[in-house]
Amino acid sequence: MTYIASDTVARTITDAARTLREKLERNTETPVRQDVRIEAIDLLAWLAAQINSNKFYWKSREIELEIAGIGVAGRISLDADRSLADVEAQFVFPQAHGRTEPRYFGGMRFDYSPSRKNPEWAPFGNALFILPQVELVRSGRDFYLACNLVRQSERENLIRALGSLAEPVPVADTDIQIGHGQVQTPGRREWEQMLSRALGLIRSKQIQKIVLARQVAYEAKERIEPWGVLSRLRRLNGASFMFGFQADDGTAFIGASPEKLYCRTGPELTSEAVAGTAPRSGDQNEDRRLGERLLASPKDIHEQHLVLESLKSSLEPYATKLRTEPVELLKLNGLQHLISKIEVTLRSGITDTQLLTAVHPTPAVGGVPREFAMKMISQLEPFDRGWYAGPVGWVGAESAEFAVAIRSILVCGNRLTAYAGSGIVDGSDPEDEWAETEQKFASFVNALLSP
């Protein structure tokens with residue numbers, strides 16, 4: 001029987017899959033994770049070529065970690081009558097025999113109990129975390145094919161899955177042809193009414209900040225391939241967190257988020273307070289002027305300060321040490337924001353479900369005070385956010401990474417629904433806030449579309 005050593009690089013997916021099957025035959029324990037190095041490969045091209053209906057993708061903003069996965073080795077879902085804390089005990093991490101770590105990929109709704117629920121979000125549930133059956137992993141410049149086996153009864157199923165993996169094919173990077181224009185929710189007049197009510201709450205001191213969002217739905221002339229869309233987003237927004245979750249029925253939630261919720265390695269955690277928005281310019285001097293104006297804007301400084309103080313108060317009960325950095329500019333493709341970085345050393349025994357419960361939703365997507373802002377968002381917004389603006393990412397045995405699911409799209413057949421929000425504080429103007437959401441749509445959606 002041929003066996004490829006761990007430091008040998010497989011030339012193709014077929015070679016790597018054969019090696020994994022051989023390793024599974026040699027090692028009969030469970031739960032177990034096996035991996036084998038493979039030559040460089042486009043993860044999204046590989047993912048698009050697979051026939052499995054469950055697909056997952058993650059790329060860290062810093063680009064050092066990129067993972068594509070298919071199938072389900074372990075599933076943890078959250079029903080309406082359970083809390084997020086119930087999830088923690090269900091994570092089963094296979095013993096890793098190789099250089100890559102098992103991770104559960106997933107996310108959760110922005111709000112478990114909105115005033116309305118869109119059935120298109122039903123496949124994702126309140127919260128869902130998946131340990132993929134087969135993964136393609138890029139760690140820095142190294143690439144691996146890996147598999148996870150949790151239950152002995154799934155061994156033959158996994159071996160068959162490895163035997164049916166497809167080699168990657170180029171992902172089409174073309175415009176989406178729109179057939180029937182777009183449907184905006186809320187419309188312009190309803191948006192003005194929403195903001196009028198929100199500003200009334202601010203003036204009466206009931207709330208300091210509230211984030212209100214819009215959705216725009218497009219109907220394409222043919223079925224939309226989500227991984228082709230994500231491939232183009234990756235090219236246009238490479239400095240963002242990239243994510244994709246495709247459910248059993250083919251509905252996919254994808255995005256390119258600039259905003260880190262938190263990243264944890266052991267007890268060390270980093271987070272960010274992001275708020276305020278200004279456009280970018282191709283002219284270097286004009287771009288610098290736009291950034292300086294954002295840094296000097298009392299409204300935007302106040303909005304970012306609210307996010308920072310909320311994150312600090314949420315994390316301090318779990319910390320032995322907390323440090324923040326001065327405000328600076330986060331420059332992205334098309335937009336720039338105010339950002340302060342936060343570094344935390346956690347107390348012993350703190351779990352990721354505790355952290356998620358503590359920090360989500362931040363005032364960058366919710367409001368201050370949190371509970372009242374959530375209540376008013378549910379009342380004012382005429383649509384279901386679903387997973388938009390919720391946490392998305394992964395959980396490992398000793399580490400975790402989550403982004404805030406903004407700059408995101410729900411793909412269902414030939415329907416694409418995009419989301420964008422704006423922070424409303426004292427001094428906000430409905431016209432300006434509408435323009436801000438338009439800038440956000442333009443930065444990640446309009447580039448995908450053709451009339």
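Strands β6 (residues 103-108) and β7 pair in the antiparallel sense over 4 bridges, where pairing requires that DSSP find at least two bridges between two strands. The structure is a predicted model, in which local features need pLDDT of at least 70 and side-chain atom pairs count only at pLDDT 80 or more, while totals for chains, interfaces and linings use all residues. Residues are numbered from 1 along each chain as its sequence is written, and side-chain values use heavy atoms, with hydrogens and water left out.

Strand β7 itself comprises residues 127-131 and is mostly covered, with 5 of its 5 residues buried (buried means under 20% relative accessible area, exposed over 50% and partly exposed in between, with a 1.4 Å probe and protein chains only). In a regular strand, side chains alternate between the two faces of the sheet. In β7, Ala127, Phe129 and Leu131 point one way, whereas Leu128 and Ile130 point the other way.

Helix α6 was examined next. Helix α6 spans residues 284-295, and its 12 residues reach 17 Å from the first C-alpha to the last, close to the 16 Å expected at 1.5 Å a residue; the expected span is 1.5 Å times one less than the number of residues. Asp287, Leu290, Gly291 and Leu294 of α6 are buried. Seen down the helix axis, these buried residues fall within an arc of 95°, so they line one face of α6 (the arc is that of the directions from the helix axis to the C-beta atoms). Asn285 and Arg293, which are exposed, lie on the face turned away from the buried side. The buried residues pack against β15 (268-279), α7 (298-315), β17 (328-331) and β18 (335-346), a contact being heavy atoms within 4.5 Å. At the start of α6, the backbone nitrogen of Asn285 has a side-chain oxygen of Asp283 within 3.2 Å.

The protein chain as a whole has 10 helices and 24 strands, defined as DSSP runs numbered from the N terminus (helices H or I, at least four residues; strands E, at least two). Its radius of gyration is 22 Å, close to the 22 Å that the globule rule gives for 451 residues, so the chain is as compact as a globular protein of that length. This radius is taken over C-alpha atoms, and the rule is 2.2 Å times the number of residues to the power 0.38. Of the 451 residues, 58% count as buried.

Technical notes
Polar contact = N/O pair within 3.5 Å; in protein donor to acceptor, adjacent residues only side chain to side chain.
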